[in-house]
2 protein chains.
Amino acid sequence: MPTPPETPPRKRGRPRHLEPSAEYRERLEDIVTVAAEVFRKQGYDAGSLDDVAAALGLRKASLYYYVKRKTDLLRLIFDRAITTALVDVERLAAIPDAHDRLVALIRHQALLVLADPHHFAVYFDQRTGLEAEDLADIARKERRYVHHFITAVTDAMDAGILPDGDPRMVAHSIIGLTSWSYKWFDPARDSAERFADTCVALVVRDKRSRRRIRPAG
Amino acid sequence: MPTPPETPPRKRGRPRHLEPSAEYRERLEDIVTVAAEVFRKQGYDAGSLDDVAAALGLRKASLYYYVKRKTDLLRLIFDRAITTALVDVERLAAIPDAHDRLVALIRHQALLVLADPHHFAVYFDQRTGLEAEDLADIARKERRYVHHFITAVTDAMDAGILPDGDPRMVAHSIIGLTSWSYKWFDPARDSAERFADTCVALVVRDKRSRRRIRPAG
């Protein structure tokens, strides 16, 4: 690691008592991004810290300054995905109108996955490599995440803009509809915005046409 | 391998010029089923032929009679999934009515994945382990598979029972909606039949209500 000459020599790694610098955090973000690409391509078990270092153009000793074990990289990949997404979903969950909230959540999920399909391919497909404690933490955050979808789906059913059904089942179905894109989406021919619109059009019913089908009295 | 005493000694493995016996094929099916469970749980790279043999209660030498390399097992897992599913979908593709055909394809896909979620978890998530030639063969079959969904979606749009959109995008979206279940479905609380009904209700529009929305002239 290049170190300014006036800095006294210190142990490898970031001192625990200091906040990480902006530069450190930015570098770590790059490492997590590239690690997700390596694990997507090779699989988590087959991809090594050496492969990640090589893809970054770093020596392994330099990578080691940021992460000590491959499983730390996997935890960071999962953490980034669910933490950012949960903040967004909690913001959208505050939208009062049932129609606007459901549409916002569907569009959010569709665009989220397509903004970084490699990252989400690792997130969705490679969790066997996570340590038990990390997996429990991710599962906890995912339950909060899905909870917001279930609430939105329940309200949308009450408003007559989704067909009736088991809200938990419908919430997971909508997450599947909007998340599966990392398996087939081709940016050369498909548009992310159009995909988000398609997902909304496929499941969300028009309020007025539903009202006409169920006349009052 | 137990061999009747009157059989002359021969090389390991099934002779190439003979059709496999019913017993051989049945045993191989069991091996493929158990291998998918092992790979689902441990990941393909981490799971070994030893693990598969142990899960079957076989010695590795006995497993070797059926498969020589781990990648053969993976190919067999993929082959079973897509070959059976493709036969079913080609049968359903012959249904003349657009509504009945779309409903049949949606229900087929929803029930297919839930009939063996471990198997499809490997199929959907662990293809990095496939050899290039096998992957090309699977991809060819998948294109035929998706083609039937695209045709059904196009006809359903013409019939006014699906909102208009890019048929390829909508076909993949419907496959995502119906396939994602292996990630969340809990047989202790969810019913596969109810899930299939939910998928149909979520996307397929009622013919008559659509006609009323678009009056002639």
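This is a predicted model: local features need pLDDT of at least 70, side-chain atom pairs count only at pLDDT 80 or more; totals for chains, interfaces and linings use all residues.
Good morning, colleagues. Let me start with the overall make-up of chain A. Its secondary structure amounts to ten helices and zero strands. Followed along the sequence, the pattern is therefore written α-α-α-α-α-α-α-α-α-α. Chain A has 217 residues, and 32% of them count as buried. As for contacts in chain A between residues at least 6 apart in sequence, 69% of these join residues at least 24 apart.

I turn now to the domains. Chain A is divided into domain 1, residues 12-68, and domain 2, residues 71-213. Taken over C-alpha atoms, the centres of these two domains of chain A are separated by 28 Å. How many residues of each domain are in contact with the other? Eleven residues of domain 1 of chain A are in contact with twelve residues of domain 2 of chain A. On the domain 1 side, helix H1 of chain A, residues 22-42, gives the most, with six residues. By class, that side of domain 1 has seven nonpolar, no polar and four charged residues.

Within domain 1, I would like to point out a few individual residues. A:Leu56 is found in helix H2 of chain A, which covers residues 49-56. A:Leu56 has 18 C-beta neighbours inside 10 Å and so counts as partly exposed; a residue needs 20 or more to be buried. Setting aside residues up to four places away in sequence, A:Leu56 touches A:Ile31, A:Val34 and A:Leu63. By way of contrast in distance, A:Leu56 and A:Ala156 are 100 residues apart along the chain, and their C-alpha atoms are separated by 46 Å.

A second residue is A:Tyr64, in helix H3 of chain A, residues 60-64. Is A:Tyr64 buried or partly exposed? With 15 C-beta neighbours inside 10 Å, A:Tyr64 counts as partly exposed. A:Tyr64 and A:Ala53 are eleven residues apart in sequence, with 9.1 Å between their C-alpha atoms.

Next, helix H5 of chain A, residues 98-115. At 1.5 Å a residue, its 18 residues should span 26 Å, and the end C-alpha atoms are 26 Å apart, which agrees. Several of its residues are buried, among them A:Leu102, A:Val103, A:Leu105, A:Ile106, A:Val113 and A:Leu114. The buried residues of H5(A) also include A:Arg101 and A:Gln109. What covers them? The cover includes helix H4 (70-92), helix H6 (117-125), helix H7 (132-158), H8 and H9 of chain A.

Buried residues in H5(B) include B:Ala98, B:Arg101, B:Ile106 and B:Gln109. Their cover includes helices H4, H6, H7, H8 and H9 of chain B.

In soluble globular proteins, nonpolar side chains tend to be buried together. Here the largest nonpolar core has 99 residues, and those touching the most other members are A:Ala35, A:Ile77, A:Ile174, B:Ala35, B:Ile77 and B:Ile174. From chain A, this core draws at least three residues from each of domain 1 and domain 2. Leaving aside neighbours within four places in sequence, A:Ala35 is in contact with A:Val52, A:Leu73 and A:Ile77.

Finally, the pair of chains.

At the interface, 30 residues of chain A are in contact with 30 residues of chain B. Helices H8 (167-179), H9 (192-203) and H10 (207-213) of chain A each supply at least two residues of the side that touches chain B. H8(A) provides the largest share, eight residues. By class, this side of chain A has 14 nonpolar, eleven polar and five charged residues. Why do the copies meet through the same surface? They do so because 100% of the interface residues of chain A are also interface residues in chain B.

Thank you for your attention.

Terms used:
Residues are numbered from 1 along each chain as its sequence is written. Chains are lettered from A and ligands numbered from 1 in the order in which they are written. Two residues are in contact if their C-beta atoms, placed from the backbone, lie within 7 Å. A residue is buried if 20 or more other C-beta atoms lie within 10 Å of its own, exposed if 12 or fewer, and partly exposed in between; C-beta atoms are placed from the backbone. Helices (H or I, at least four residues) and strands (E, at least two) are DSSP runs, numbered from the N terminus. Ala, Val, Leu, Ile, Met, Phe, Trp, Tyr, Cys and Pro count as nonpolar, Asp, Glu, Lys and Arg as charged, and the others, Gly among them, as polar. The expected span of a helix is 1.5 Å times one less than its number of residues. Domain bounds come from an automatic or database domain assignment. A nonpolar core is a set of buried Ala, Val, Leu, Ile, Met, Phe, Trp, Tyr and Cys residues joined through C-beta atoms within 7 Å.
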